[in-house]
Amino acid sequence: MAAVNATQAALQPAAQPKGTLKIENTDKRDTLIASEKKYQKAWADSKVFEQDAPSLQDVPLHALAPKELREKHPKYLATMAYPYMNGTLHAGHSFTASKLEFAVGWARMKGLRALYPQGYHCTGMPIKACADKLVREIEMFGQNFENCELNEVAADEDTEKPKGEVNGELTAPAPVQETTQTDVTKFSAKKSKAAAKTNVALKYQFQIMLALGIPIEEIHKFADPQHWLEFFPPLCQRDLTNLGCRVDWRRSMVTTDANPYYDAFVRWQMNRLKEMGKIKFGKRYTVYSPKDGQACMDHDRSTGEGVNVQEYTALKLRVKEWAAPAQEKVSSKIPEGGNVYFVPATLRPETMYGQNCCFVGPSIDYGVYEIVKGKEYYFVSDRAARNMAFQGVTPEWGVYPKVADLKGSDVVGTLVAAPLSVHKQGVRILPMESVKASKGTGVVTSVPSDSPDDYATMMDLVKKADYYGIKKEWADLEILPIIETPSYGNLTAKHLVEKMKINSPKDAKQLAEAKDLAYKEGFYKGKMIYGDFAGKTVEEAKPLVKQQLLDSGEAFNYAEPDGLVVSRSGDECVAGHLDQWFMNYGTPSRSGDGTWQPAVLEHVTNEKGEGLHTFSTEVKNAFTQVLDWLAQWACARSYGLGTKLPWDQSQLVESLSDSTIYMAYYTIAHMLHKDIFGKEPGSAGLSSDEMTDEVWDYLFCRSETIPEHLKSKEESLRKMRREFEYWYPLDVRISGKDLIQNHLTFFLYVHVAIFPKEYWPRAIRVNGHLLLNGEKMSKSTGNFLTLADATSKFGADATRIALADAGDGIEDANFEETVANSNILRMYEL
């Protein structure tokens, strides 16, 4: 039990986090909490927050049109993203919940029927991945991890934290809002002689469970994913109740097939989206985890939420003559007749006529990888080769055989043939210090006419040829004008570098600005003045030049994640080219559905005043930007918890695709089942097997026909339809600002596709992230507060006032414990 004891000892200081306020005298607080509990019990006993639509006895179904019914009996439906059930709620969840709670309270004060339902999200990888880790750890160390020795968890300051093994994977609100990744991977134990000499790293899942407050003898139960679903929802209900939230708990549910009613609901929406052509199948690039063997979407990630795939044109620059150091290293590795290609990845294929050299990072480690045995080899970074291995570029999926190792400095001076370049004799490989192995292939082709970076580097190489160990004539080649622009002429890069007085390749800030200006001017206003497509606009010529390169075999498609993505299983992800089911989001020009994105955009821009209310121009602009760049989204995976794809039982609906319209499910959930798992049917008397797609169509106003097999239960169906027609549309959706880029936009897309326009969402209120005492929340610093901590420390009312005082816009807010503490005295003296 040495490792267990050391971890428990190291966690003890967290009992009173050093970064949070300590309250000495609690008499007044305890008096207030006792009063709060009294009234919370009275509310629960009287079921005051259980709200229903007007009954069919009071207003027969369709005696009034739904809109007229809502006008006669005003209502207010507000929801927030359901929290993920792999931990308890923290102050970040509380902040979003408080916005919803205050809105519902205000609506009740105005006499509206106000509904605040709350579900529990369990779909996806995190719970299953954590449970699987515990299974392995129990096999290794025993049921209570008694065989884990101290050296197994020891760490020093030089120990690298395992990727994806931070405690944030348990406490971060995967489907709610972004919070600081909690770094509790290292503690200094001070409770025993053995532990006092050991820095304890949270290397194992059982340690993370201890950090969450789970007793060691209970942890083994969490090896069963179902146990997470049973354990954490009651704690969520407890914490929101203790905050005084006006929740109608009858309408709660868990997601996944653990609730067969919700499972049927998700199957229905997926079937209907597929029938409408909103879900497609085909090969596309997506962020992919080789370890997990599936697409890695936002909520499957411990690092890199919001990172998408960047697609490039990969050029093949054939080696004509190796530099001497490289020749020595590769001569015995490449068979006679075999060709080696330097492979730069470019976003601007239309400029390739002006290539005058190719850059490598002199200190970067590269490899020569076999693509076609004995015939074709690529010179790229290891990261790029790994990406290519999952895109059908290498001979075998996931395999990228390396035949030689080279430093960038080894290949400087190598002569290569550059496709389309006017320099037919070849161009040289030259050094560029700013090349990164983590971006593209680590090989960068140079077009100094239109790239400020390339121009500045070329000028530097010409001036300091001896310093860089090159011949001046390798860099001092003619610069070919390719694109004419109205603002910068036909040598855009030269114009901008001179105008902005950029003197060195190290002027990174100015070069970044110049690059942005050059690209926008060239793409949107430029005209080709050289090559087969001279006279065409750059926008027209770009795809034509790319296709010409692909057809000639001088280039191929390449993609990579546009940033580091680490899955929750600790795997660094790649861009895979996969056969997959995907939501056909995106603009028509980017192969998205022809009418879908335009309809969502019209609802968001709200030019006629009948669309979406976003409360600020900043939020509206954020949505329009996402709608402009968001493209197809993989909607299925093979690992985790969830609902099986109806037409492919080997796949599960991914977590951001099963959580788009569940707000509609809230309207009838209390009539479907009496418990969150749907084990006991509700007042409608319907079994989950009876919930066919046709039934959902009727309940959600997609059909006027009651299915034949349920004619005997017509009255129940009519009551449920009344609930939906009355409570919908959703009056406000409240969420953290980071969810604009995925969940909130998906939420709009699917509502627009599934429901009649009358039932599209009316408003989205976006809040910023929550700081604690002016700092980011972090367990490692002690500046961390759960919702349970807050209400036990300050009481519900003092906490609520402090949350209200924290902030009210899209900017990050700040929960000050001193404010909450001072509220105790104010409340006591009322």
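Which helix lies across E28 and E29, and at what angle does this helix run to E28?

1. This is a predicted model, in which local features need pLDDT of at least 70 and side-chain atom pairs count only at pLDDT 80 or more, while totals for chains, interfaces and linings use all residues. Residues are numbered from 1 along each chain as its sequence is written, and side-chain values use heavy atoms, without hydrogens and water.

2. Helix H26 (residues 743-754) lies across E28 and E29 and runs at about 155° to E28. Helices (H or I, at least four residues) and strands (E, at least two) are DSSP runs, numbered from the N terminus. Axes are lines fitted to C-alpha atoms, for helices over the stretch in contact, and angles run from 0 to 180 degrees between N-to-C directions.

3. The open sheet has four strands in the order E2-E1-E28-E29, with parallel pairing; two strands pair if DSSP finds at least two bridges between them. Strand E2 (113-115) and strand E29 (764-767) are the edges, each pairing on one side only. Strand E28 (residues 732-736) is joined to E29 by four bridges, and arginine 733 has isoleucine 764 of E29 as its bridge partner.

4. Helix H23 (residues 662-672) also packs on the sheet, where it touches strand E1 (75-80) and E28; contact means heavy atoms within 4.5 Å. The direction of H23 makes about 125° with that of E1.

5. Elsewhere, the axes of helix H19 (residues 508-525) and helix H20 (residues 538-551) come within 6 Å and cross at roughly 95°. Tyr519, Gly522 and Phe523 of H19 make the contact with Val538, Glu539 and Lys542 of H20.
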